[in-house]
Amino acid sequence: MTYYLSLLQITLSENLNDLEPLAEQGELTMSYWELAFKGGWVMIPIVVLSIVAVYIFVERYFAIKKAEKVDINFMNKIKDYIHDDKIDSAITLCQSTDNPVAKMIEKGISRIGRPLNDINAAVENVGKLEIYKLEKGLPFLATVAGAAPMIGFLGTVMGMIRAFYDMSTAGANIDVSLLSSGIYTAMITTMAGLMVGIMAFLAYNALVAKVEKVVFRLEANTTEFMDLLNEPVN
């Protein structure tokens with residue numbers, strides 16, 4: 001092994017010396033696509049995961065952003081309708097408002113006249129269903145955050161095995177071009193896996209924070225609605 005490493009060190013030094021003038025002349029260029037292809041087939045699942053992760057993040061971002069938008073006068077209008085005993089108008093307002101809060105309040109209004117515990121349970125069930133819809137795709141995003149770096153490390157191991165195999169079969173004729181394929185696979189898949197994993201992790205946490213903000217709003221409006229039903233009748 002020491003003999004091979006010595007030969008490799010001498011050969012690398014000689015080839016790097018040869019390459020320095022070329023690099024200075026700007027003759028050694030490589031596009032990102034060419035660099036990605038050097039990673040081998042291991043790059044395929046990493047690229048697929050990155051595309052799916054971007055799609056989930058963009059789709060969920062706008063879906064959650066839409067759920068966040070609630071008219072600040074919505075609950076005031078609901079209160080006025082209920083105080084005036086205009087239940088149909090309150091339900092119509094809820095049906096014309098497309099967000100989780102309106103769906104929860106609509107369910108609660110439709111149960112008016114029943115025990116408060118039943119109304120509260122119905123509203124909470126709708127809220128859980130809406131939260132489940134908002135969190136759709138987030139578990140997969142978390143899976144990408146963990147799986148992409150592991151796939152990259154798999155490529156690292158495969159690349160290093162290939163590099164050592166090439167060294168063992170080359171004998172005394174070891175040069176950089178012979179080992180470059182395995183080393184490219186090892187380094188590029190590691191970098192790609194980590195990049196996709198880090199981006200998926202940040203995207204997952206950003207979406208979770210936005211969902212929690214919507215959950216807080218749902219809980220606040222549920223409490224406000226139940227307080228409205230608990231008000232004494234004049």
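1. Glu130 touches Pro100 and Lys103, not counting residues up to four places away in sequence; contact here means heavy atoms within 4.5 Å. Glu130 lies in helix α7, helices being DSSP runs (H or I, at least four residues) numbered from the N terminus. With a relative accessible area of 6%, Glu130 is buried, a term that stands for under 20% relative accessible area (1.4 Å probe, protein chains only).

2. On the basis of these values: this is a predicted model, in which local features need pLDDT of at least 70 and side-chain atom pairs count only at pLDDT 80 or more, while totals for chains, interfaces and linings use all residues. Residues are numbered from 1 along each chain as its sequence is written, and side-chain values use heavy atoms, with hydrogens and water left out.

3. On the overall make-up: the protein chain holds nine helices and zero strands. Of its 234 residues, 34% are buried. Among contacts with a separation of 6 or more, 77% are accounted for by residues 24 or more positions apart.

4. On helices α7 and α9: their axes come within 11 Å and cross at roughly 165°, where axes are lines fitted to C-alpha atoms, for helices over the stretch in contact, and angles run from 0 to 180 degrees between N-to-C directions. The two helices are therefore roughly antiparallel to each other, the term for angles over 145 degrees. The crossing of α7 with α9 is right-handed, that is, the near helix is turned clockwise from the far one by less than a right angle. On the α7 side the contact includes Leu116, Ile119 and Val123, and on the α9 side it includes Val211, Leu218 and Phe225. By class, the residues of this contact are 12 nonpolar, four polar and no charged; Ala, Val, Leu, Ile, Met, Phe, Trp, Tyr, Cys and Pro count as nonpolar, Asp, Glu, Lys and Arg as charged, and the others, Gly among them, as polar.

5. On helices α5 and α6: α5 (residues 87–95) and α6 (residues 100–110) have axes that come within 8 Å and cross at roughly 155°. This pair is therefore also roughly antiparallel, but its crossing is left-handed. Ile87, Ala90, Ile91, Cys94 and Gln95 of α5 meet Ala102, Ile105, Glu106 and Ile109 of α6. Seven nonpolar residues, one polar and one charged make up the contact of α5 with α6.

6. On the nonpolar core (buried Ala, Val, Leu, Ile, Met, Phe, Trp, Tyr and Cys residues joined through side-chain atoms within 4.5 Å): the largest one has 43 residues, of which Phe74, Ile78, Cys94, Ile105, Ile109 and Phe225 touch the most other members. Elements giving two or more residues to this core include α3 (43–68), α4 (74–83) and α8 (138–170). Helix α9 gives the most, with 12 residues. Leaving out residues up to four places away in sequence, Cys94 touches Phe74, Ile78, Ala102, Ile105, Glu106 and Ile109.

7. On Leu207: this residue is found in helix α9 and is buried, with a relative accessible area of 0%. Its contacts, apart from neighbours within four places in sequence, are Phe57, Arg60, Tyr61, Ile64, Leu138 and Leu141. Leu207 and Phe57 are 150 residues apart in sequence, yet 7.6 Å apart in space, C-alpha to C-alpha.

Methods:
Parallel < 35°, antiparallel > 145°, perpendicular 65-115°, else oblique. Buried < 20%, exposed > 50% of the residue type's maximum accessible area, 1.4 Å probe, protein only.
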